[in-house]
Amino acid sequence: METASTTSTRPGKLGSSIPVKSVQDLAANSNNLTAEVLERYIRPEIDGDTVSDGESGAIPIVDLGRLFDEQFMQDEAAKLKLACEEWGFFQVTNHGIPNKVIEGIKAATEEFFKLPPEEKQKVAQLPGDVQGYGQAFVVSEDQKLDWADMYFIVIQPVQNRNMRLWPTKPSIFRDSLESYSVELKKVADCLLRSMAVNLGIDPEKFSSKFESQTMRFNYYPPCRYADKVLGLSPHSDGAGLTLLLQASQVEGLQIKRDGSWLAIKPLPDALIVNIGDLLEVLSNGKYKSIEHRAVIHGEKERMSIAAFHSTSFTGTTVGPLPELVEGSEEFYKTVSMEEYIKLFISRKLDGKSLVEQMKLKK
Ligand code: OGA
Ligand code: NI
C-alpha cells in the first residue's frame with residue numbers, strides 16, 4: 001500500500017484530457033462507428049497534403065557506437081550536429097540496447113493492447129490526470145479526434161511513479177518496461193552528452209538535468225477511411241528529447257520538412273530520435289523541434305513507443321540556458337516547469353503552438 005507521504009513526494013497531476021471512446025473498440029465493432037461518431041475523426045484539411053515517400057536514409061542516421069569510439073567520434077559528432085541543426089529528426093543505429101530488451105518491450109506492448117477492454121480499463125486515466133490508458137490532449141467536445149488509443153506513464157525518476165497505473169497484465173509488462181527504460185535512458189544520456197559538446201556546454205551538467213522519462217504507447221487501429229483520418233495530429237513534442245521505437249512493421253510517422261510531409265522508414269530496430277520543444281527553448285533556438293504526425297493504415301494496426309526525456313517536473317524553470325544566451329539575444333521566455341506543463345497539456349495537439357507561446361518576439 002502506498003502511504004500519503006510517498007504520494008506527496010510526486011509532482012502534482014499532469015493535467016487532464018476529456019475521456020473519449022476507445023478507437024480500438026470502435027474499429028473492432030464497426031456497428032458503433034455511426035456517421036456521427038465517424039465525423040469527429042474525419043479531417044477534410046489533410047486532403048490536399050503532399051507527402052513524399054522517404055527512403056530509409058532520408059533522415060540522417062547516427063551510429064551511437066561510432067559516436068563513442070575515439071577513432072570515429074569526430075565524424076559522427078559532426079553528423080549529429082547537422083542532424084540536430086538541420087533536421088531535428090534522425091535515426092540512431094548501433095544503440096547497444098540488447099535485442100531481448102527490444103523484443104521484450106515490443107511483445108509487452110502488443111500483448112497489452114490485445115487484452116480485453118475491461119482489463120485495460122484497470123489502468124485507465126483517472127479524472128484530472130493524463131497518465132494511464134486512454135487518450136491525451138482532448139480539451140473540447142468539438143475538436144477533431146485522433147484515430148488511436150494510448151497508454152501514458154511516468155517512469156523516471158522512480159519516486160514519481162504511480163504504480164497503481166502500471167499494468168500487471170501481461171505478466172512481462174513491468175519487467176520489460178523497467179529494462180527498456182534503463183537502457184533507453186543510457187542512450188538518451190549519450191546523445192545529450194554529445195549534443196552538449198556540440199553546443200559547447202558542460203556535458204555532465206547538461207545530461208544530468210534530464211531526470212524525467214515518460215512513455216507513450218501508441219496503438220493505431222486500421223481504418224477503412226485511412227486517408228481521411230489521422231492517428232496523431234500534427235504536433236511537436238513538448239519534452240526535450242524523444243526516442244521512438246516502432247513496435248510493429250507498419251509505418252506511419254511523417255515529419256514536416258520544407259512545407260510538406262516526409263514519410264519515415266525506420267531501419268530495423270533503429271530508434272527514431274527527435275528534438276522536442278523543451279530542447280528548442282533550452283538551446284535558445286539553436287536546435288528546433290519539428291512538427292510530425294502519424295497516419296493510419298487501411299488494414300493493419302500499428303504500434304509505437306515514444307519515450308520523452310525532460311528536465312525535472314518539480315522545482316525547475318524552463319528557459320534558455322544562461323551559457324547559451326551569453327553575448328546573444330534571448331529568444332524565449334523563462335517560466336516555471338509547472339507553468340510549462342500546464343501550457344503543454346492545455347493546448348490541443350496543434351503544431352508548434354507551445355513553442356510559439358514561449359517566444360519573446362512573435
Ligand atoms: C508521439 C509521436 C509518432 C508515432 O507519440 O509523440 O509522435 O509514429 N508518435 O507513433
Ligand atoms: Ni510526437
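Me: Buried means under 20% relative accessible area, exposed means over 50%, and partly exposed is in between (1.4 Å probe, protein chains only). Is His292 buried or exposed?

Reply: This is a predicted model, where local features need pLDDT of at least 70, side-chain atom pairs count only at pLDDT 80 or more, and totals for chains, interfaces and linings use all residues. Residues are numbered from 1 along each chain as its sequence is written, chains are lettered from A and ligands numbered from 1 in the order in which they are written, and side-chain values use heavy atoms, leaving out hydrogens and water. His292 has a relative accessible area of 5%, so it is buried.

Me: Which protein atoms are donors of the nickel ion (ligand 2)?

Reply: Donors are N, O and S atoms within 2.8 Å of the metal (3.2 Å for Na, K and Ca); water is not among the atoms, so sites may look incomplete. The protein donors lie 2.0 to 2.1 Å from the nickel ion. Along the chain they follow the spacing H-x1-D-x54-H. They are His235 (NE2), Asp237 (OD) and His292 (NE2).

Me: How many residues apart in sequence are the parts that His235 and His292 tie together?

Reply: Helices (H or I, at least four residues) and strands (E, at least two) are DSSP runs, numbered from the N terminus. His235 is buried, with a relative accessible area of 5%. His235 sits in strand 7 (residues 232-235) and His292 in strand 12 (residues 292-294), so the parts they tie together are apart in sequence by 57 residues.

Me: In what order do the 5 strands of the open sheet stand?

Reply: Two strands pair if DSSP finds at least two bridges between them. The pairing in this sheet is mixed, and its strand order is 1-10-9-12-7.

Me: Which residue stands opposite Arg257 in strand 10?

Reply: Strand 9 (residues 253-257) and strand 10 (residues 260-263) pair in the antiparallel sense over 4 bridges. Opposite Arg257 stands Ser260.

Me: With which residues is Ser52 in contact, leaving aside its neighbours within four places in sequence?

Reply: Ser52 lies in strand 1. It is partly exposed, with a relative accessible area of 33%. Contact means heavy atoms within 4.5 Å. With those neighbours set aside, the residues in contact are Ser260, Trp261, Leu262 and Ala263.

Me: How many bridges join strand 6 to strand 13 (residues 302-310)?

Reply: Strand 6 also pairs with strand 5 in the antiparallel sense, over 7 bridges. Strand 6 and strand 13 run antiparallel too, and Arg216 stands opposite Ala306 in strand 13. The number of bridges between strand 6 and strand 13 is 9.

Me: Why is the pair of Tyr41 and Trp147 called edge-to-face?

Reply: Rings of Phe, Tyr and Trp (its six-membered ring) pair if their centres lie within 6.5 Å; planes under 30 degrees apart count as stacked, over 60 as edge-to-face and the rest as tilted. The search of the whole structure finds 10 aromatic pairs. The rings of Tyr41 and Trp147 have their centres 5.2 Å apart, and the pair is edge-to-face because the angle of their planes is 85 degrees.

Me: Which residues of helix 12 (residues 337-346) are buried?

Reply: The cover over the buried residues of this helix includes helix 10 (277-282) and helix 13 (353-358). Strand 14 (317-318) and strand 15 (335-336) are also among it. The buried residues are Met337, Tyr340, Ile341, Leu343 and Ile345.
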